[in-house]
Amino acid sequence: MSWSGLEDFIARVESRLDPPVGNGRLGETGDMDFLSPEEVAIIRPAAVLVGVIPRVSGPTALLTVRPTTMADHAGQVAFPGGKIDPIDLDEVAAALRESEEEVGVVPDDVQILGKGAPYVTGTRYRITPVVGLLPADFEPVPDPTEVADVFETPLDFLMDARNHRMGEAIYRGKPRRYYEMPHNGYRIWGVTAGIIQRLYETLYEA
């Protein structure tokens, strides 16, 4: 199957992803092979908001560029989000809190649709993607200390396997293949592209 509109996308998210509340059933993916048993033992939970905006011209996904001063994944494209803190009730709460801090998302304005498969990173994070619908008139208010840039990418582009290219690099002394989805001057790759690809796979190929 392939992209056939926002209503179909929402229906697939609600039926194929994990529900917003409770433990997930979707198996994790990512870079677990690059972690030692000691590193696996200290993986930190995190969450990101896959924010879908129903623009008149077509639905988009909200993305950011991380500042080059960040300790992990500096300068890379990312979804708004971060590590889950003790004050957070769950992954959804963490994703909404971080998104509010980074780009001005109002948590009460987000319709949470579901949670995707966790993605384990080589930097020892287990990231749960939370898919949510933002208002059609959403305008980001970025915090420059948190994000270097904010942009939107058409959802039909991201949910099209023909746009999922493969790259290869040496990571921690091992060959690593990764997804990348360059669009409109932005290089969406690595962890973020991996989350997108797994989301596509779960919604349209499962």
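Strands β2 and β8 pair in the parallel sense over 9 bridges, where two strands count as paired if DSSP finds at least two bridges between them. The model is predicted: local features need pLDDT of at least 70 and side-chain atom pairs count only at pLDDT 80 or more, while totals for chains, interfaces and linings use all residues. Residues are numbered from 1 along each chain as its sequence is written, and side-chain values use heavy atoms, with hydrogens and water left out.

Strand β6 (residues 111-115) is joined to β8 by 4 bridges in the antiparallel sense, and Gln111 stands opposite Leu133. Strand β7 (residues 119-120) also runs antiparallel to β8, with 2 bridges, and Val120 stands opposite Arg126. β7 and β8 form a hairpin with 4 residues between them, and Arg124 in the turn has a positive phi of about 70 degrees.

Val52 lies in strand β2, which spans residues 44-55. Its relative accessible area is 1%, and Val52 is therefore buried. Beyond its neighbours within four places in sequence, Val52 is in contact with several residues, including Leu6, Phe9, Val131, Gly132, Leu133 and Leu155; contact means heavy atoms within 4.5 Å. Val52 and Ala136 are 84 residues apart in sequence, yet their C-alpha atoms are 9.1 Å apart.

Attention now turns to a helix. Arg198 belongs to helix α5 (residues 190-204), and it counts as buried because its relative accessibility is 17%. Leaving aside neighbours within four places in sequence, Arg198 is in contact with Gly27, Glu28, Thr29 and Ala117.

The protein as a whole has 5 helices and 11 strands, defined as DSSP runs numbered from the N terminus (helices H or I, at least four residues; strands E, at least two). The radius of gyration is 16 Å, close to the 17 Å that the globule rule gives for 206 residues, so the protein is as compact as a globular protein of that length; the radius is taken over C-alpha atoms, and the rule is 2.2 Å times the number of residues to the power 0.38. Buried residues make up 49% of the 206.

Notes: Buried < 20%, exposed > 50% of the residue type's maximum accessible area, 1.4 Å probe, protein only.
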